[in-house]
Amino acid sequence: MSTQADEPSLRSLAVINGDGSRKHVHPADVRGRFTRLKPWVRGALIAFFAALPWIEIGAHPAVFINIAERRFFLFGLVFNAQDAPLLFFALTGLGFGLIFLTAVFGRVWCGWACPQTVFLEGVYRKVERMIDGPRAMRLRQARQPWTRRKISRAVLKQAIFVLLSLSISHLFVAYFVSIPRLYQMMTAAPSEHWTTFLWMAVIAGVLYFNFAWFREQLCLIICPYGRLQSALQDDDSMIIGYDEKRGEPRGKAKNPTAGDCVDCKRCVVVCPTGIDIRQGLQMECIACAACIDACNDVMVKLGRDQGLLRYDTHRGFTTGKRRLLRPRLVYYALAGLAGFAAATIMVSHYVPFEANILRVQGPPYSVTNNVVLNQLMVHVVNKQSVRGAFEIRQLYDSAIDVVLPQPRFELEPFGSLQVPVLVRVQRADLARALKVRFKLVETYSQVERTISIRVLGPPSATGPPPSSTLPISKRENDVRDGGEP
Amino acid sequence: MSESSPGLVDIDTGHEYDGIRELDNPLPNWWLFTLWASIVFGACYWLYFETTGVGVTQLEALALENTAASAELASAEAAELVTADGTPALSLADTLTALSHNEEALARGKTAYDQTCAACHRQDGGGMVGPNLTDNAFIHGGAPEQIYKTVADGILAKGMPAWKPVLGPARTKDVVAYVMNLPQFPAADGKAPQGPPINEAAATATAGTNNGAVNGTVNGAVDGTVNKASDLSAAGTDAAATDAADTDAVTKDNVQAP
């Protein structure tokens, strides 16, 4: 490499050496407005993540993704596998909402809300700082040979990292098995729940690897959302940048012809991805605002205006003008609202039970004395976590005679039942397509749902009424297979 | 920006896309490690599963599991033919007769009966849509194996569904055992007998070995309702429900109206 190893440049990643090896970043401490705000934001996000599985709404955890039983509890609502479209639309709304925010505010997600940043900068790096000291000490220690002191520090740090990773992994698993079950598993031998134990161990291992060693490499090389955001932003999206017109040419503080930037490199040493923000917007920038605080600190000491590095738009840095409204915001907003609207409509039409009409096994119909008989089963699934009382009513059709031996029944939470139904029609009436329709009512909530199925009959039903020339129709208990399984 | 990035000439590949130039930087070592590790893994996988045949592929594993499952099913069905005291290999009729004296089987049978059969045959077996099960007449034969056939395969022309696919072999036998005992408790207001009467001798033999498990189940409180279409005209919901638009494509198992 022709450039000096310590100088970040646009020609290569600052965190990879010329031989392909890692160059570990040791960000310096920083003080300032955004730095003061961060522990509160991160603390709130971590508390939210940690608290959700513990909160109970309607006798179930606020968020419980029960994959084993394909049942999802979200803030008091119970969803089954059949409700997957609702999840799709809700995620569509959330996704486009995030895209909308990216177009307006740039990579605020990366710098402020992404779990990678929240846990890395808010937890793991804090532990590292406490044990290994500030940047200068950490750099010196990295070059030192493995003394007893260095080894003991490293062991202590890695042990804490492992414990932290195990804790986060357990909390994560709790979203899928619930806290009581997790506690049960934790107090039992791993051999009694190998699959869950393995998941927990693998997740903890990945977290440890990521937060102890891999770190910013994930954002720079693996994360697809970081790259995707580049395509969502434009010249009017908020970025963190350097006011080149004000800062250049760089020079000593006492030089009257120089710009405001004194080239102290504070913005470089505090950067968690090791870049020099003064070289312009780069894909490595996770918009964490550490450089803003670092620069403002220096500017205040020099008695100069703050904001040489600041949140602004590319257009703002170059022309001083800002524009909020542009077409892409409308597209993103419309797409997001469409998703939310669809999800809202589905939630408002949410029925706490599933009802289907099934045909019984065997021939789909039978004909006796010109009466066509269809045997059906109304399959009802109670999707609620409480008992349900149900009533089936036929929607009247003069041509259809329905026998409903069991019109009223109760179902346990998540219980299901197949209720037999006999449907009889005159063969001649099948000349037109007949549909038998039922209304299923949950009597406690008075929620109802209409289900229907076509009445099947012999193909000749559409022709003239069967006469004695058709020998097959003369036979008693004439059962014919309509070809349906 | 190129002025702030000196010395690009040596690594510039000359590829440019929409103003984005491709630079030939070294790949991270960890990235190269995953690449080589994947290649080694792929070679081992290929040798293990595809070349040497040592490994069991998913299709082979499925075939093995299917074989094991059918063997297990066969042994389970064979085990069902063993009575509680371990006497092996009874005929179907003997098994059912044995079950009809087994209190546990009768309790299971009653549960299944109440859930599935009572809807048409009434809870006390007096008959409603379906025939009376408490008299000595059975339309399709009253011998144990005949009742079993009726319950298991159904009498589709008359509206009796095939219950074996729903209940499974074990519960079907329990229900049949329960039904075999029903004639000992004639329903007070049951339907008139239909079909030929069953063998008087067999009936008395069964009655002689009656046990108490079923006693509590016979009482007349039944609220089964036959919802004839005419009953529902008062519900006042779309009387002329005609769906002319229906085609043959709508012969799916469940068609739901919005």
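**View 1. A:Arg70 sits in the loop of chain A between strand E3 (63-66) and strand E4 (71-74).** The model shown is predicted: local features need pLDDT of at least 70, side-chain atom pairs count only at pLDDT 80 or more, while totals for chains, interfaces and linings use all residues, and side-chain values use heavy atoms, with hydrogens and water left out. Residues are numbered from 1 along each chain as its sequence is written, and chains are lettered from A, ligands numbered from 1, in the order in which they are written. Strands (E, at least two residues) and helices (H or I, at least four) are DSSP runs numbered from the N terminus. Take a look at the backbone here: although A:Arg70 is not a glycine, its phi is positive, at about 50°. Most residues other than glycine have a negative phi. A:Arg70 counts as exposed because its relative accessibility is 53% (exposed is over 50% relative accessible area, buried under 20%, partly exposed in between, with a 1.4 Å probe and protein chains only).

**View 2. A:Ala287 has a positive phi of about 55° without being a glycine.** This alanine belongs to the loop between H12 and helix H13 (290-302) of chain A. Is A:Ala287 buried or exposed? A:Ala287 is buried, since its relative accessible area is 9%.

**View 3. A cis peptide bond links A:Glu248 to A:Pro249.** Omega for this bond is about -10°. Most peptide bonds are trans. A:Pro249 is found in the loop between H11 and H12 of chain A. With a relative accessible area of 30%, A:Glu248 is partly exposed.

**View 4. A:Arg250 forms salt bridges with A:Glu248 and with A:Asp263.** A salt bridge here is a side-chain nitrogen of Lys or Arg within 4 Å of a carboxyl oxygen of Asp or Glu. For A:Arg250 and A:Glu248, the closest N and O atoms are 2.8 Å apart. A:Arg250 itself is partly exposed, at 32% relative accessibility. In the bridge from A:Arg250 to A:Asp263, the closest N and O atoms lie 3.9 Å apart. That pair links distant parts of the chain: A:Arg250 and A:Asp263 are 13 residues apart, each in the loop between helix H11 (244-247) and helix H12 (266-269) of chain A. A:Asp263 is partly exposed too, with 32% relative accessibility.

**View 5. A:Arg387 and A:Glu410 meet through their side chains in a salt bridge, 2.5 Å from N to O.** The two partners are 23 residues apart and link distant parts of the chain, with A:Arg387 in the loop between strand E10 (371-382) and strand E11 (388-395) and A:Glu410 in strand E13 (residues 408-411) of chain A. A:Arg387 is partly exposed at 36% relative accessibility, and A:Glu410 is partly exposed with a relative accessible area of 41%. Elsewhere, salt bridges with shared partners join A:Glu7, A:Glu248, A:Arg250, A:Asp263, A:Lys265, A:Asp276 and A:Arg278 into one network. Over all chains, the count is 39 salt bridges.

**View 6. A:Thr443 lies in the loop between strand E15 (435-442) and strand E16 (447-454) of chain A.** Which residues does A:Thr443 contact, leaving aside its neighbours within four places in sequence? They are A:Ala389, A:Phe390 and A:Glu391, where contact means heavy atoms within 4.5 Å. A:Gly388 is 55 residues from A:Thr443 in sequence, with 7.7 Å between their C-alpha atoms. A:Thr443 is partly exposed, with a relative accessible area of 29%.

**View 7. The second largest pocket is lined by 50 residues.** A pocket is an open set of points, on a 1 Å grid over the protein atoms alone, where a 1.4 Å probe fits and protein lies on both sides within 12 Å along at least five of seven lines; lining residues have an atom within 4 Å of a point. Nearest the centre are A:Phe48, A:Phe49, A:Trp109, A:Pro115 and A:Phe172. Helix H2 (residues 84-105) of chain A gives the largest share of the lining, nine residues. By class, the lining holds 42 nonpolar, seven polar and one charged residues (Ala, Val, Leu, Ile, Met, Phe, Trp, Tyr, Cys and Pro count as nonpolar, Asp, Glu, Lys and Arg as charged, and the others, Gly among them, as polar).

**View 8. Chain B has seven helices and three strands.** Along the sequence, the pattern of chain B reads β-β-α-α-α-α-α-α-α-β. Of the 258 residues in chain B, 31% are buried. Among contacts in chain B between residues at least 6 apart in sequence, 59% join residues at least 24 apart.
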